[in-house]
Amino acid sequence: MHFDIMTRADSWENIATLARDVESAGASGILFTEASQVPWMMIATAAQAAPSLHHSTGISVAFPRSPMVSAQIAWELAANTKGKFRLGLGSQVKPHIERRYGVSFEQPAKRMRDYVLAVKASIRAFRGEERLAHDGEFYKLNLLTPQWSPPHHDFENIKIDMSAVNPLMLKVTGEVADGLHVHPMHSMPYIQNRVIPAVTEGAESAGRTLNDIDLIVPVLAVAGDTAEERAATAKEAKTAIGFYGATPGYAFQFDDLGYEGTRLKLAETLRTGDRDALAEQVSDELLDQFGLIARWDDMADKLVERYKGIASRVVMYLAKPSIAENPANLAKWGEIARAVRTG
């Protein structure tokens with residue numbers, strides 16, 4: 001398995017430092033989110049600072065951008081990272097798409113299917129394999145003159161991934177994408193009983209198999225040799241579970257595990273804006289379900305035991321704040337990275 005570090009919005013200077021640090025420590029790459037800041041300039045900065053790292057978006061928000069624009073960005077980043085880039089796309093949720101970005105969220109699963117196919121059609125046209133002629137339900141692309149076509153390079157086989165949580169979007173991922181970004185709030189029963197069957201069904205409907213789709217899995221990994229050492233990261237993990245778990249679309253994960261009513265409690269607490277109270281709503285038992293808690297020397301073995309044979313890449317969701325809290329943790333995450341990559 002590959003071992004990546006996740007980062008959110010940050011300055012170019014800090015991203016360059018992070019890239020050099022995690023490259024020297026032995027990580028495989030960095031996964032970039034898109035929330036308050038677009039990821040493209042950070043990726044370019046990281047690629048310049050640490051050329052051996054792999055870079056991916058987990059995820060880039062799809063609907064506010066034309067599929068052509070997304071394809072052009074992916075093409076440029078693939079060329080300049082020498083193939084060490086894959087484009088992860090996601091639908092986001094309705095309030096953000098309609099009220100923050102000002103675009104339509106109608107039929108998101110069908111729209112995402114069409115979007116990914118339009119991006120792939122654009123890339124095939126860039127490669128010169130065929131004329132641009134995508135005629136989908138939501139996107140119609142049929143004009144690409146030579147002066148508007150990007151120059152060829154040696155890294156044109158670009159992976160296009162999707163994020164998905166619910167069964168319909170998981171099936172679409174299996175049908176059209178090269179990889180799946182599993183949600184960071186996941187339990188292993190959710191992966192085994194919900195994710196894998198739905199992705200497999202989608203893949204088989206398109207004449208593919210589960211092996212054709214890479215699973216990229218963010219992990220709420222909490223490392224430390226004592227409860228005191230783990231406390232700050234455990235609180236971050238619980239806050240993340242509380243934040244995501246308050247969203248209606250994720251309630252079924254609690255219900256599947258026998259924690260009915262948890263989503264409503266989290267939503268009520270979230271409305272108060274009290275992050276401490278939100279974390280307190282998430283029990284240690286829930287953290288064990290949705291996170292991975294281990295001593296430093298045990299973390300690599302636990303990651304391999306849980307995700308080997310399932311994940312192509314594991315992404316440490318909380319490693320960056322852990323390193324910020326204690327710079328000595330960088331070397332510890334590096335030891336875990338090397339063990340996971342060879343395990």
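This is a predicted model: local features need pLDDT of at least 70, side-chain atom pairs count only at pLDDT 80 or more; totals for chains, interfaces and linings use all residues.
**Stop 1: the nonpolar core**

Select F3, L303, M316 and W333. These residues have the most contacts inside the largest nonpolar core, which has 118 residues. In soluble globular proteins, nonpolar side chains tend to be buried together.

Keep L303 selected and show what surrounds it. Apart from neighbours within four places in sequence, L303 is in contact with M1, F3, V219, L292, K308, M316, I336 and V340. F3 and M316 in that list are also among the residues with the most contacts inside the core.

**Stop 2**

Select residues 40–49, which form helix 2. Is this helix mostly covered or mostly uncovered? It is mostly covered, since 7 of its 10 residues are buried, a label for residues under 20% relative accessible area. Colour the buried ones: W40, M42, I43, T45, A46, A47 and A49. They pack against several elements, including helix 1 (12–25), helix 3 (67–80) and strand 5. Strand 2 (29–32), strand 3 (54–57) and strand 4 (60–61) are also among the elements they pack against.

**Stop 3: G88 and I59**

Go to strand 5, residues 85–90, and pick G88. G88 has a relative accessible area of 0%, so it is buried. Which residues does G88 touch, not counting those up to four places away in sequence? They are T57, I59, S60, D161 and H181.

Check the spacing between G88 and I59: they are 29 residues apart in sequence, and their C-alpha atoms are 5.0 Å apart in space. I59 lies in the loop between strand 3 and strand 4. Zoom in on the bond from G58 to I59, a cis peptide bond with omega of about 5 degrees.

**Stop 4: two residues with positive phi**

Most residues other than glycine have a negative phi, and most peptide bonds are trans. Select K82, in the loop between helix 3 and strand 5. Its phi is positive, near 55 degrees. K82 is exposed because its relative accessible area is 56%, and exposed means over 50%.

Then select Q107, found in the loop between helix 4 (94–100) and helix 5. The phi of Q107 is also positive, near 50 degrees. Q107 has a relative accessible area of 32%, so it counts as partly exposed.

**Stop 5: helix 6 against helix 7**

Two packed helices are described by the angle between their axes and the distance between the axes. Show residues 167–176 (helix 6) and 188–205 (helix 7): they pack at about 50 degrees, with axes 6 Å apart. The two helices are therefore oblique to each other. Their crossing is right-handed. On the helix 6 side, the contact uses P167, L170, K171, G174 and E175. On the helix 7 side, the residues include Y190, R194, A198 and S205. By class, this contact has 7 nonpolar, 3 polar and 4 charged residues.

**Stop 6: helix 8 against helix 10**

Finish with helix 8 (residues 227–245) and helix 10 (residues 262–272), whose axes come within 8 Å and cross at roughly 100 degrees. They are therefore roughly perpendicular to each other. Select I241, G242, F243 and G245 in helix 8, which meet R263, L266 and L270 in helix 10. This contact has 4 nonpolar, 2 polar and 1 charged residues.

Terms used:
Residues are numbered from 1 along each chain as its sequence is written. Side-chain values use heavy atoms; hydrogens and water are left out. A nonpolar core is a set of buried Ala, Val, Leu, Ile, Met, Phe, Trp, Tyr and Cys residues joined through side-chain atoms within 4.5 Å. Buried means under 20% relative accessible area, exposed over 50%, partly exposed in between (1.4 Å probe, protein chains only). Contact means heavy atoms within 4.5 Å. Axes are lines fitted to C-alpha atoms, for helices over the stretch in contact, and angles run from 0 to 180 degrees between N-to-C directions. Helices (H or I, at least four residues) and strands (E, at least two) are DSSP runs, numbered from the N terminus. Angles under 35 degrees count as roughly parallel, over 145 as roughly antiparallel, 65 to 115 as roughly perpendicular and the rest as oblique. Ala, Val, Leu, Ile, Met, Phe, Trp, Tyr, Cys and Pro count as nonpolar, Asp, Glu, Lys and Arg as charged, and the others, Gly among them, as polar. A crossing is left-handed if the near helix is turned anticlockwise from the far one by less than a right angle, and right-handed if clockwise.
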